[in-house]
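Subject: Handover of a structure and notes on its contents

Dear colleague,

Please find the structure below, with the sequence alongside. My notes follow it.

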Amino acid sequence: MPVSATSNGLPGLKSQRTVTPRNVFVGNQVTYLPGGKILDGSKARDPGNTGDLDVLRAGMLLGKITSGGKYAPAILGLTTNAEAIGSTSIEAAAAVVTELVRRVGASGTFKLTGPATANGVVETETVTYSAASGTTITCTALTKAFIAGSFIQPTDGSETPLTILDQPVGGLKVTDADGTSIDVQLAQIPISGVVDSSQIVHWPSDTSLQAWIMTRLPNFRYDHLF
């Protein structure tokens, strides 16, 4: 959908920019939480939104940070390799590793969620890491195995998905004009509706991880089940 971009300078039409709407919900039967909530901009980026990391795409799974009650993304990204028991390194896209360092730190902890084998039982392990750069996270030896595509998640409470970002046009920008993180009002927090699963950011191909998401969002229905 082409739109005219506003910018500084003389009045008049500027060059067009293309916006691709992401309609997460099928139909208009969506129920929203009255009053909304606050999203913590300092804890929010979208590593998969290349060129606009500070704009969260519709379909981002959000959870509530235990301290303060603000919302943030529940999944930072996905692993790119299968990891065996005893592994001391985890691979992910460079943008995901960068976001882990930005949000958590150069060292710290995160949660790894996924099954040991495709479509198997989903487990979660809290991972302690000592370094993260490029596409590699260096960590203490894993006690569980995980498939490629497992979830890399925070440990601040927001790792439990509670809702889905519904921002169909343009996404949700979490920085100001200077690029500084800002808290943003989530005026519309969906609490039920029929979801187009393909529009959920980080929607997995693994059926057990799909079930993991759906179990945590029990008031939603998913089009791929019908």
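How many salt bridges does the count come to? The count comes to six, where a salt bridge is a side-chain nitrogen of Lys or Arg within 4 Å of a carboxyl oxygen of Asp or Glu.

This is a predicted model, in which local features need pLDDT of at least 70 and side-chain atom pairs count only at pLDDT 80 or more, while totals for chains, interfaces and linings use all residues. Residues are numbered from 1 along each chain as its sequence is written, and side-chain values use heavy atoms, with hydrogens and water left out.

Salt bridges

One of the six joins Asp 46 to Arg 57, with 2.7 Å from N to O. Asp 46 lies in the loop between β4 (37-39) and β5 (55-56), and Arg 57 in the loop between β5 and β6, so the pair ties together parts that are 11 residues apart in sequence. Helices (H or I, at least four residues) and strands (E, at least two) are DSSP runs, numbered from the N terminus. Asp 46 has a relative accessibility of 0% and counts as buried; the term buried means under 20% relative accessible area, exposed means over 50%, and partly exposed lies in between (1.4 Å probe, protein chains only).

Lys 173 and Asp 54 also meet in a salt bridge, at 2.7 Å from N to O. This pair links distant parts of the chain, since Lys 173 is in strand β15 (residues 172-173) and Asp 54 is in the loop between β4 and β5, 119 residues apart. Lys 173 is partly exposed, at 43% relative accessible area, whereas Asp 54 is buried, at 17%.

The sheet and its helices

Six strands form an open sheet in the order β8-β13-β10-β11-β12-β9, with antiparallel pairing; two strands pair if DSSP finds at least two bridges between them. β8 (77-78) and β9 (89-91) stand at the edges with a single partner strand each, so one side of each is left without a neighbour in the sheet. Between β11 (residues 122-133) and β12 (residues 136-139) there are four bridges, and Ala 132 stands opposite Ile 137 in β12.

Helix α1 (residues 94-103) packs on the sheet, touching β8, β10 (108-115), β11, β12 and β13 (151-153), and its direction makes about 85 degrees with that of β11. Contact means heavy atoms within 4.5 Å; axes are lines fitted to C-alpha atoms, for helices over the stretch in contact, and angles run from 0 to 180 degrees between N-to-C directions. Helix α2 (residues 207-216) also packs on the sheet, where it touches β10, β11 and β13, at about 115 degrees to the direction of β10.

Aromatic pairs

The whole structure holds four aromatic pairs. Rings of Phe, Tyr and Trp (its six-membered ring) pair if their centres lie within 6.5 Å; planes under 30 degrees apart count as stacked, over 60 as edge-to-face and the rest as tilted. The ring centres of Phe 110 and Tyr 129 are 5.7 Å apart and the planes stand at 50 degrees, so this pair is tilted. Phe 110 is in strand β10 and Tyr 129 in strand β11, 19 residues apart, and both residues are buried. Trp 203 and Tyr 222 form a stacked pair, 6.1 Å centre to centre with 20 degrees between the planes.

With kind regards
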